[in-house]
Amino acid sequence: MSVVDAQEKCPQLVLVKGEDLTHYREMSYQVTELLTSYCPLVERLGFDENYVDVTEMVEKRLTHCSSFEGHVYNRSGIETNPGPHRRLVVGSHIAAELRTAICSKLGLDVCAGVATNKLLAKLVSGSFKPNQQTTLLPQDVDHIMGHLGGLHRVPGVGHQTSKRLQALGLVTVQDLQLFPLAGLVKEFGVPTGQRLKNLSLGVDDSPVVPTGAPKSLSDEDSFKKISTTREVVEKTQELLTSLVERMQKDGRPPQTFRLTIPRYSAENKWFSRESRQCPVPHHLRHKVVSGSTDANVHLVTLAMKLFNKMVDGGTAFHLTLLNVCFTNLPPARGTSGQGAITSFFTLGSSPQSSPTPSRTHIPHSHSPHLFKSIQTLLEEHPPSWLGHLNGSQEVENNPECED
């Protein structure tokens, strides 16, 4: 409910400002860094999730584990060391070790999912909470997909896609499974149509892509109403103060500054975002990261020029959100732009001759225990073994501007 309604029902309510995400953001990066110290192939998703490819770790330890760690989805008392599941067994031990490391070094509780791909690991990670882990065997994929229910439960199927699927008469995952592929291709095109069909069946061949340093950093705030230029200036100053502090810690001079506001659409009754951006002057780039006391003054001037391109301050306006963002950050030291991803890999044999890889995904939430679940993905058959660590879904709507 809104804060106003809450205060009416509970006059003694104590309100704590929860808009400053600095602590959660810092802890989130610490978790990712910790995971990377165990395995270089870590893909970060927002505040609360990471996938980790643990292929080499699994292959080196195949003979050392004889039973599953944690729960096994939809199973009890099964034989825990059959040949077909030996990589999943090892993956469950790796997930347990990662959870233990996060708890002992950062004091955070974590859940984990172990499965054959990123999609399934994400889904199974929430089977037992809090602070537990679950492994999904290949023979139970149909069961977990069949019990999802609505299409919104499938990671990767967003709001707009769900609306288009509903227009085709598809409401549940089972509907999508039974719908002809040709119909999906006609509506969405070949790549998206095939992907939607695969997701409904629990098939996900997307690799773990190491994220590296973010290419953008942003901060935003939502509110009930801002309707004067003075209020816009004050809110922009507040947001920039927090964002510049983060930029100073990051140390990379920003190339571009962007301002975003919401626009109300009478057609669909939703607010869509509108943005304007401009280059950051060279002298200002270094002021932003050096701690110069007048950096904010220049940035507010820059922001208001962008604001005036979107809003006529001389007429009535009603804003409910402001977002400030520095984009086009240069690569972190020791990397070389897009090619920086190569630093996460080690030399080895070609995919054709090497064992199937393993990936692990760890999501974390921004509740008091930041990481709520870890999902580890291991694939029984070529081309890859996957792992995933996962947390609450709330963080997916977080205003982080990380590409």
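Residues are numbered from 1 along each chain as its sequence is written, and, the model being predicted, local features need pLDDT of at least 70 and side-chain atom pairs count only at pLDDT 80 or more, whereas totals for chains, interfaces and linings use all residues. Side-chain values use heavy atoms, with hydrogens and water left out.

Most residues other than glycine have a negative phi, and most peptide bonds are trans. Asn131, a residue other than glycine, has a positive phi, near 55°. At a relative accessibility of 33%, Asn131 counts as partly exposed; in this scheme buried means under 20% relative accessible area, exposed means over 50%, and partly exposed lies in between (1.4 Å probe, protein chains only). The loop between α5 (118-124) and β5 also holds Pro130, and the peptide bond leading from Lys129 to Pro130 is cis, with omega near 0°. A positive phi near 55° is likewise found at Asn328, which is placed in the loop between β9 (319-327) and β10 (358-361). Asn328 counts as partly exposed because its relative accessibility is 46%.

For the protein chain as a whole, the secondary structure comprises 13 helices and 12 strands, and 46% of its 403 residues are buried. Of the contacts between residues at least 6 apart in sequence, 70% join residues at least 24 apart, a contact being defined by heavy atoms within 4.5 Å. The accessible surface of the chain is about 20,200 Å², and carbon and sulfur atoms account for 54% of this area; accessible areas come from the Shrake-Rupley method with a 1.4 Å probe, and for residues only the protein chains shown count as cover.

Two arginines and an aspartate were examined individually. Arg75 is situated in the loop between β3 (71-72) and α4, and it counts as partly exposed because its relative accessibility is 34%. When residues up to four places away in sequence are not counted, Arg75 touches Leu137, Gln139 and Asp140. Although Arg75 and Asp140 are 65 residues apart along the chain, their C-alpha atoms are separated by 9.0 Å. Asp140 itself is part of the loop between β5 (133-135) and α6 (141-146), and it counts as buried because its relative accessible area is 4%. With neighbours within four places in sequence set aside, Asp140 contacts Tyr73 and Asn74 as well as Arg75. The C-alpha atoms of Arg99 and Cys111, which are 12 residues apart along the chain, are separated by 7.3 Å.

Two packed helices are described by the angle between their axes and the distance between the axes. Here axes are lines fitted to C-alpha atoms, for helices over the stretch in contact, and angles run from 0 to 180 degrees between N-to-C directions. The axes of helix α11 (residues 229-250) and helix α13 (residues 295-310) come within 10 Å and cross at roughly 130°. The two helices α11 and α13 are therefore oblique to each other, given that angles under 35 degrees count as roughly parallel, over 145 as roughly antiparallel, 65 to 115 as roughly perpendicular and the rest as oblique. The crossing of α11 and α13 is right-handed; a crossing is right-handed if the near helix is turned clockwise from the far one by less than a right angle, and left-handed if anticlockwise. On the α11 side the contact is made by Thr229, Val232, Val233, Thr236, Gln237, Leu240, Thr241 and Val244, and on the α13 side by Asn296, Leu299, Val300, Ala303, Met304 and Phe307.

Notes: Helix = DSSP H or I, 4+ residues; strand = E, 2+ residues; numbered from the N terminus.
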